[in-house]
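Have a look at it before reading on.

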Amino acid sequence: MAEYESHEYDVLVIGAGGAGLSAAIEASAAGVSVGVVCKSLLGKAHTVMAEGGIAASLATVDDRDSWKVHFADTMRGGQYLNNWRMAELHAKEAPDRVRELEAYGALFDRTAEGRILQRNFGGHKYPRLAHVGDRTGLEMIRTLQDHGIHQGMQVYMEHTVLSLLKREGRVVGAFGYERERGRFHLWQAGAVVLATGGIGKAFRITSNSWEYSGDGHALAYHAGADLIGMEFVQFHPTGMVWPPSVRGILVTEGVRGEGGILMNKDRRRFMFDDIPDLYKNQTADNPEEGWRYTQGDKEARRPPELLTRDHVARCIMREIRQGRGSPHGGVFLDIAWIREKLPNAAEHIRKKLPSMYHQFMELAGIDITQEAMEVGPTTHYVMGGIRVDADTQMSTVPGLFAAGECASGLHGANRLGGNSLSDLLVFGKRAGHYAAVRSQEFPVGPSDSGQLEKVIQEALAPFERESDGEGAYQIQHELQDCMQDRVGIVRRQEEMEQAVKTIQELRQRASRVRVTGNREYNPGWHTAMDLDSLLTVSEAVARAGIERKESRGAHFRADCPDKDEAMGKVTMVVRKGTDSTMQIEQQAVPAMPDELQQIIKEMQ
Amino acid sequence: MSTATFRIWRGKGQEGRFEDYSTEYSEGMVVLDAVHKVQAEQAPDLAVRWNCKAGKCGSCSAEVNGKPKLMCMTRLSDLPLNEPVTVEPMKAFPPIKDLVTDVSWNYRVKQRIRKFAPRKPDFEDGTWRIDQQDVERVQEFRKCIECYLCQDVCHVLRDHRLHSQFVGPRFFVYAAALDMHPLDTEDRLPDLQQRDGIGFCNITKCCTKVCPENITITDNAIIPLKERVVDRFYDPLGRLLGFFRRK
């Protein structure tokens, strides 16, 4: 058997974005030993890309805000498929987590009184996003990183986990490899926290980087954990569309929060054409009112550009499909127009949206203070993921915890912007705390060497195959095309069935992939190792999408365009069957207690 | 589509050579796209670090035609494509493979710098009041994406290899961000003067020129820190006054 290095920690955290670092900090604070394994260098995880802000009802800008309003907004945005308990905890604890981040050194933009400034965002009734210009994610990850490195945790940068290890039905560690030398590592742990983020790389057009191959989802699935809500993939309405090489890169919702408007090629503000009933009361019916809202007028209602992401993305798709799109297959997002309203508009835009200004100037040669951007939907986030207990974040497999994007429940059928960063802080901390507690009850023990041998064999097999095997990149690209075209923003039964078939064929081909070169920092090998995760999450998305025969939130089916009341009460559960095939089951969403139902009623 | 040649460093550790790869390019492509294309079509084991592809994570630092750059923000249309485009790893750090270098020294240096130590909260609910003006002064430094291009270009590290006595521009920016943080109470000046070697910087401003975030590293971070160090440790009058003030 190949050699490997062994390590032991009370708590092992896999992933070092906002959720992973929050978990590691909290577990370290509890006094247990903590190891953190991450695929990239520390501080480079996708949290860095988050732009808009952290949603928390601090009520510094509008004192009508409270956890109750935030809770109701989150549930409405998720079309009531959310885990109500997670939505409740999230809304109650987010303000404290933001203040904690400030105590760690984060510097948010301020109000005139010197308090944390909050901005408007889609689906949030009041200005609620604590932010730093449009680089809030960078501020958050750097703050957690700079705080975390002094807490005693050991970080394994550029290491990838291939498999979770189980003994007597519980998770006892993980096994993987390091990129630099290609050597194998065993991490034994009393508890494991998955914080691996999303699955964006399963799609061709995405705001996600190479890392987001659904590793945590797949690791948990293979370990026997339930995945829920996998049909709900968020397509962010505004990604860059031109030039081709930047297609998919995110354009923050903050642009619309600051007054940016969406227009088709006829310069029509098409978002006024379709306002869902659920939001009619809260949405402006004329441009003037919408503008006043973005400038902080408390009497005004929000412009339709700030409706939920699923809806805005579909309206944009409608304009494009009906031939009213922009020259490169998007629509126009215009912030330059505010010069009609503000004397120092160009300076204001550069100050409020510095990264967007920079991004368009450098990558597209467009000055957003002078001309409109071209934007279109991009795969951004997966609401579905590992089913967890709301309070402890433990999955359905003992000893295995999950937090952040790879966990599921908080966002239901659609996530509100800004609720992701707060999710990472609130549930990262909870996962870290309860993992630390559990690690004291179940200390580290030996692993099954037979299990390790099998993982090593599979990992090395691509080097030993005959020369006619194909490379991993081609399979990855074909999978991305398949998911983009057949399980994208607008879905149909036959297309999704076709996708499941294609995924199975690709899986056959993946089992014959060949890797050239050796194990030292070999991206061909890394891509091959990620294929299983990508294929697993893709199949879960497609199968759950087939099962949900209605349109709700981010899941839109052209063949069932309406909501189905019965379907609104069930969650799709995906798990690995005893015969290793993917099983899917519908389960009732737990009923909400009366007092929370009352809150939702009051907030309508 | 037209074709361009990329002269990419292929090597392990100190050993290696340039290899030429011809590949097609299209409008708007950046150097990182070309490297990925070569990787997918011709050299599957070509090692390169990258993440966000939008200039926000600072992973894909390299030297393009001899200049320290983020590959994801370097557009082909800004380069002369009638001759080969050279792409090689940063020089201030030990090479690992191809375009990937060992930047772990930076992480060790950061760990040594005294951490943020806030003053007591202004209110019982644990919050502070801070002026936007005070926030803005520091926000420039907090834009840093830790690409380490400033470290790469700094002659104290690149040519003189004084890694053991000098922390480099990135960590002067980091120290400045902490020092000028409106809530911070820690004193980092003795470390900066002695252990971190701020005196080695002779303000040639190379770091400022390569910063992809346009942080005014030398003028806004390093010079003010140098001034504080000088005031504290080298100004006899100031020391005398300080002596009386402490009384």
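Two residues count as being in contact if their C-beta atoms, placed from the backbone, lie within 7 Å. This is a predicted model, in which local features need pLDDT of at least 70, side-chain atom pairs count only at pLDDT 80 or more, and totals for chains, interfaces and linings use all residues. Residues are numbered from 1 along each chain as its sequence is written, while chains are lettered from A and ligands numbered from 1 in the order in which they are written. Helices (H or I, at least four residues) and strands (E, at least two) are DSSP runs, numbered from the N terminus.

**A covered helix in chain A**

Let's start with helix α2 of chain A, residues 67–77. A residue is called buried if 20 or more other C-beta atoms lie within 10 Å of its own, exposed if 12 or fewer do, and partly exposed in between, with C-beta atoms placed from the backbone. On that count α2(A) is mostly covered, with nine of its eleven residues buried. Among them are A:Val69, A:Phe71, A:Asp73 and A:Arg76. What do these buried residues pack against? Their partners are β3, α3, α11 and α16 (594–602) of chain A.

The loop between α2 and α3 of chain A holds A:Gln79 and also A:Tyr80. Phi of A:Gln79 is near 55°, a positive value in a residue other than glycine. A:Tyr80 isn't a glycine either, yet has a positive phi of about 65°. Buried or partly exposed? A:Gln79 is buried, with 20 other C-beta atoms within 10 Å, whereas A:Tyr80 counts as partly exposed with 18 C-beta neighbours inside 10 Å.

**Two helix pairs**

Two of the partners of α2(A), namely α3 and α11 of chain A, also pack on each other. Axes are lines fitted to C-alpha atoms, for helices over the stretch in contact, and angles run from 0 to 180 degrees between N-to-C directions.

| Helix pair | Angle | Axis distance |
|---|---|---|
| α3(A) (84–103) and α11(A) (419–441) | about 95° | 8 Å |
| α3(B) (132–142) and α6(B) (169–179) | about 155° | 9 Å |

Angles under 35 degrees count as roughly parallel, over 145 as roughly antiparallel, 65 to 115 as roughly perpendicular and the rest as oblique. At about 95°, α3(A) is therefore roughly perpendicular to α11(A). The contact brings residues including A:Leu89, A:Glu93 and A:Arg97 of α3(A) up to A:Ser422, A:Leu425 and A:Lys429 of α11(A), among others. By class, that contact has five nonpolar, two polar and four charged residues. Here Ala, Val, Leu, Ile, Met, Phe, Trp, Tyr, Cys and Pro count as nonpolar, Asp, Glu, Lys and Arg as charged, and the others, Gly among them, as polar.

In chain B, the angle of about 155° makes α3(B) roughly antiparallel to α6(B). B:Val138, B:Phe141 and B:Arg142 of α3(B) meet B:Val173, B:Ala176 and B:Ala177 of α6(B). That contact divides into five nonpolar, no polar and one charged.

**Sheets in chain A**

Two strands pair if DSSP finds at least two bridges between them. One open, antiparallel sheet has four strands in the order β11-β14-β13-β12 of chain A. β11 (233–240) and β12 (261–263) of chain A each have a single partner strand, so one side of each is left without a neighbour in the sheet. Six bridges join β11(A) to β14(A), residues 373–382, and A:Gly239 stands opposite A:Gly376. The peptide bond from A:Trp242 to A:Pro243 is cis, with omega near -5°.

The other sheet, also open and antiparallel, runs β3-β5-β4 in chain A. β3(A) pairs with β5(A), residues 129–130, over two bridges, and A:Ile54 stands opposite A:Ala130.

**Where the chains meet**

Chain B has ten helices and seven strands, and buried residues make up 45% of its 247 residues. Across the interface, 45 residues of chain B are in contact with 45 residues of chain A. Which element of chain B gives the most to that side? The answer is α3(B), with five residues. By class, the side of chain B that touches chain A has 19 nonpolar, twelve polar and 14 charged residues.
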